[in-house]
Amino acid sequence: MQTKHFGNSMQTYTIGSILSESPVLIGVVEDSLWCAPEQAGDPGQTHPVYFVIWHRILAGVYLDAAQAEERLRTVDRFDLIAWLDRAQTKSQRWESRFHRLSADIRALHWHQTEGEPATEREASLRRLRYSLADDILQADDPLGVILKMHEADQDESVDLA
């Protein structure tokens, strides 16, 4: 869903995400969720949705106010540690993926712009440092193949942009 309560940044948030533009430090933020009509001519329906905010961290999303209030009362430091662990793991995974993608693009650039290496030693060092599979190098769109290899997995998340 989309909301303007946490800024106009088109960000995707999950439980444990920091909401730097949250209107509250600790509390429940109410918004409404519009559901598309099931039949032609039906205007659709809006339902209340409640965001649980704990020290500007998204702690839960509920359709029931009482459940949201209960979640707010039961958030503890172990939740914070789990959220921090998940965020750091995700950050490390993205950094690692970025470095692998960057290395493959640099290797492709080298193969497309550099001439033959001057010496056998230089050739072996370049192959070691800039190795790409022949099927990538011989593809009609080698960059497209590299990008396809590095596509992100779809994470389950809540879009609150």
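Modeller: The expected span of a helix is 1.5 Å times one less than its number of residues. Helices (H or I, at least four residues) and strands (E, at least two) are DSSP runs, numbered from the N terminus. The structure is a predicted model, in which local features need pLDDT of at least 70 and side-chain atom pairs need pLDDT 80 or more, while totals for chains, interfaces and linings use all residues. Residues are numbered from 1 along each chain as its sequence is written, and side-chain values use heavy atoms, without hydrogens or water.

Biologist: How many helices and strands does the chain hold, then?

Modeller: The chain has 5 helices and 5 strands, in the order β-β-β-β-α-α-α-α-α-β from the N terminus.

Biologist: How do you know what span to expect of H2, and what span does H2 reach?

Modeller: H2 has 37 residues, and at 1.5 Å a residue the expected value is 54 Å. From first C-alpha to last, H2 reaches 53 Å, which is close to that expectation.

Biologist: What caps the N-terminal end of H2?

Modeller: Asp76 does, through a side-chain oxygen 3.0 Å from the backbone nitrogen of Phe78. A polar contact is a pair of N or O atoms within 3.5 Å; within protein, one must be able to donate a hydrogen and the other to accept it, and residues adjacent in sequence count only if both atoms are side-chain atoms. The 3.0 Å of the Asp76 cap therefore lies within the cut-off.

Biologist: Why is the pair of Phe6 and Phe51 called edge-to-face?

Modeller: The structure holds 2 aromatic pairs. In one of them, Phe6 and Phe51 are 5.4 Å apart, centre to centre, with 85 degrees between the planes. Rings of Phe, Tyr and Trp (its six-membered ring) pair if their centres lie within 6.5 Å; planes under 30 degrees apart count as stacked, over 60 as edge-to-face and the rest as tilted.

Biologist: What makes Trp54 and Trp83 an edge-to-face pair?

Modeller: Their ring centres are 6.5 Å apart and their planes stand at 65 degrees, so the pair is edge-to-face. Trp54 lies in S3 and Trp83 in H2 (residues 77–113), so the pair ties together parts that are 29 residues apart in sequence.

Biologist: Why is Trp54 called buried?

Modeller: Buried means under 20% relative accessible area, exposed over 50%, and partly exposed in between (1.4 Å probe, protein chains only). Trp54 has 14%, and so it is buried. Trp83, at 7%, also counts as buried.

Biologist: Why is Pro43 exposed?

Modeller: Pro43 has a relative accessible area of 65%, so it counts as exposed. This proline lies in the loop between S2 (26–35) and S3.

Biologist: What makes Arg97 a charge over the face of Trp94?

Modeller: A charge sits over a ring if NZ of Lys or CZ of Arg is within 6 Å of the ring centre and within 35 degrees of the ring normal. Arg97 lies over the face of Trp94 at 4.5 Å from the ring centre. Arg97 is also one of the buried residues of H2, among them Asp79, Ser102 and Asp104.

Biologist: What does the side chain of His150 contact, and is His150 buried or exposed?

Modeller: The side chain of His150 makes a polar contact with the side chain of Asp104 at 2.7 Å. His150 has a relative accessible area of 14%, so it is buried, and it is found in the loop between H5 (142–149) and S5 (158–159). Taking contact to mean heavy atoms within 4.5 Å, His150 touches Arg97, Arg100, Leu101 and Asp104, not counting residues up to four places away in sequence.

Biologist: What is remarked on in the phi of His55?

Modeller: Most residues other than glycine have a negative phi. Phi of His55 is near 50 degrees, a positive value, and phi of Arg56 is near 65 degrees, likewise positive. His55 lies in the loop between S3 and S4 (57–62), where Arg56 is also found. At 43% relative accessibility, His55 counts as partly exposed, and so does Arg56 at 32%.
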